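Please walk me through this structure, beginning with the way its residues touch one another and ending with the place where its chains meet.

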Amino acid sequence: MLLEINNVCKTYRGGVKANDNVSLSIAKGEVFGLLGPNGAGKTTLINQIIGLAMPNSGSITINGVDVVANPGYARQACSFLSQTQAPITGLTTFQAIDLVGRIRGGKKADVHRRAMELIEKLEMGEWQKTMGLTISGGVRRLVAFCMAAVTPGEIVILDEPTNDIDPLRRRALWQEVQELARQGSAVLLVTHNVLEAERVVDRLAIIDEGKVRGMGTLASLKEDEGDAMRLELTLEPGKAAPALPDYLQQPVIINRRIVGRVSPADIPTAIDWARGLKGDGTIEEFSLGPATLEDIYIRLVKNPDEAEPSGEVM
Amino acid sequence: MPKWLRGYLLMVKWVFLTYRSWLSLNLAIQLGIAVGFIYGISFFFPAITPEIAKYLTTGAPTLILLIVGLVMVPQIIAMARTEGTFDYIWSLPVGRMSHLAADATVMFGSTLPGIILAVALGSFHFDFSLSISPLVIPSVILMAMCGTFIGYSIAFLLPKPMMVNVITQIMSFAVMLFSPVMFPAERLPGWLQAIHTVLPIQYMADISRGTLTDLDVNLGLAFIVTGAWCVAGFIVTLVVVHRRR
């Protein structure tokens, strides 16, 4: 494996435990998603990989090199899109991308060509000569992505890459992420956007309260859901949630949405119940389908005590 | 080209582009201060002699470099810390000290014209002659590095970036009014004189006078003390910028 993280623990001064025995590994050419809610410990883990933070225990290696002891190796091996905005206030979009590409060791002509290619693919031409100070947050995020992708490291770390970006450019960005993996980089994608992650990752880990709650391919994680189907109800605005039947397993209510699992034997009953709710105006609509990554995520994050390591041995 | 030099030069470009609008303003302010300083002396001392003018004018480089190193550098670093700039810059494959060296180079470059103008204008306006030693270039670099490394140490050691503004305001007040740069140390109370025998400020002023004029100063001692503070500042900076959370 290109990146190996073994039993990493990190507790900040003040006692906040950010990572609790985290282990995972990422291979070359793989898009690996690190999913979890805010404050789950994702960014702390990234900071330890690139040498901004130091684990209390455990090991992190890239190509077998101990990067806790040798953070310079990690900075060369990893290109990084930080969660905070990149400091490009006085630079134009092109200058920022070009400079980072060259700082990362790219040759002038190659970096120039690649920078223009990224600007074109992400439809950023109108901002090519615009100063960082005057562009919107979403465009700054795109620039920061290009800065990570222009001379990509063996590992490309993207911390919430699509925040503030419009849907069309998001799609182009995800294509570029997959292209980076095809070119041989390992992409470590940190996000809490489960729906987007589902479309691009090869494998993923769900992390919460510093612990890995589940890890594997999407298929292996879905297997853990068994034969149960996903029932989702959307309440009419202003309506209270109805009493939930016992056969609706692990129900979660988020705003107007009620999501739960229904075993195959209970599906006809559940459909009748949902139709009844729609008929009496309690719900706007309902849907029944196979489990999604969001279901797995919600189950593992909301019910950590039930979470078992899944997919792979951790 | 060695990797460290390439990284340093690219970081100089990055820092220059990042601060370019601020740098032109800083350059204009530094030049304005230089002119204002020379003409302002005449208001403080209406019957100023060329000898007194020489003493005051040659204190200007020290004062300017200390204000840049101890006030402006820490404030810029504090702002960058607040914005999370270092989390990004320090993830790049460039040595952290190379980045700071690039920062200091650009800062110093925008300050140098003001220093040269102050000294040249003072010499012309008050009609005194300069006696410029070949040591003047390494001396100015040493003084700039000394002030800057101390500034970096303060900026990174203080736990909260907001504290930097308060501390630097106090320091600028102390440097301007209670440090023997524009007047001899003998005019200070004994306890303050004692403090200044270990601080680098009066020695930096001595270096300035000893390399720009024929004024009699103990240049050897001045280089030793300023050099020692520079090394200490470098070591502290080296340690604090390589700390990991």
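Two residues are said to be in contact if their C-beta atoms, placed from the backbone, lie within 7 Å. This is a predicted model, in which local features need pLDDT of at least 70 and side-chain atom pairs count only at pLDDT 80 or more, while totals for chains, interfaces and linings use all residues. Residues are numbered from 1 along each chain as its sequence is written, and chains are lettered from A in the order in which they are written.

Leaving aside its neighbours within four places in sequence, A:Cys146 is in contact with A:Ile97, A:Ala115, A:Leu118, A:Ile119 and A:Leu122. A:Cys146 is also, together with A:Ile157, A:Val187 and A:Leu189, among the residues with the most contacts inside the largest nonpolar core, which has 139 residues. Such a core is a set of buried Ala, Val, Leu, Ile, Met, Phe, Trp, Tyr and Cys residues joined through C-beta atoms within 7 Å, where buried describes a residue with 20 or more other C-beta atoms within 10 Å of its own. Helix H3 of chain B gives the most to this core, with 13 residues, helices being DSSP runs (H or I, at least four residues) numbered from the N terminus. A second, separate core of nine residues includes A:Leu233 and A:Ile258.

In chain B, helix H2 (residues 50-57) has B:Ala53, B:Lys54, B:Leu56 and B:Thr57 buried, and the buried residues of this helix pack against helices H1 (3-44), H3 (60-83) and H5 (96-126) of chain B.

Where the chains meet, 23 residues of chain A are in contact with 22 residues of chain B. On the side of chain A that touches chain B, helices H2 (71-77) and H3 (93-103) of chain A each supply at least two residues, and H3(A) gives the most, with five residues.

Notes: Buried ≥ 20, exposed ≤ 12 C-beta atoms within 10 Å, placed from the backbone.
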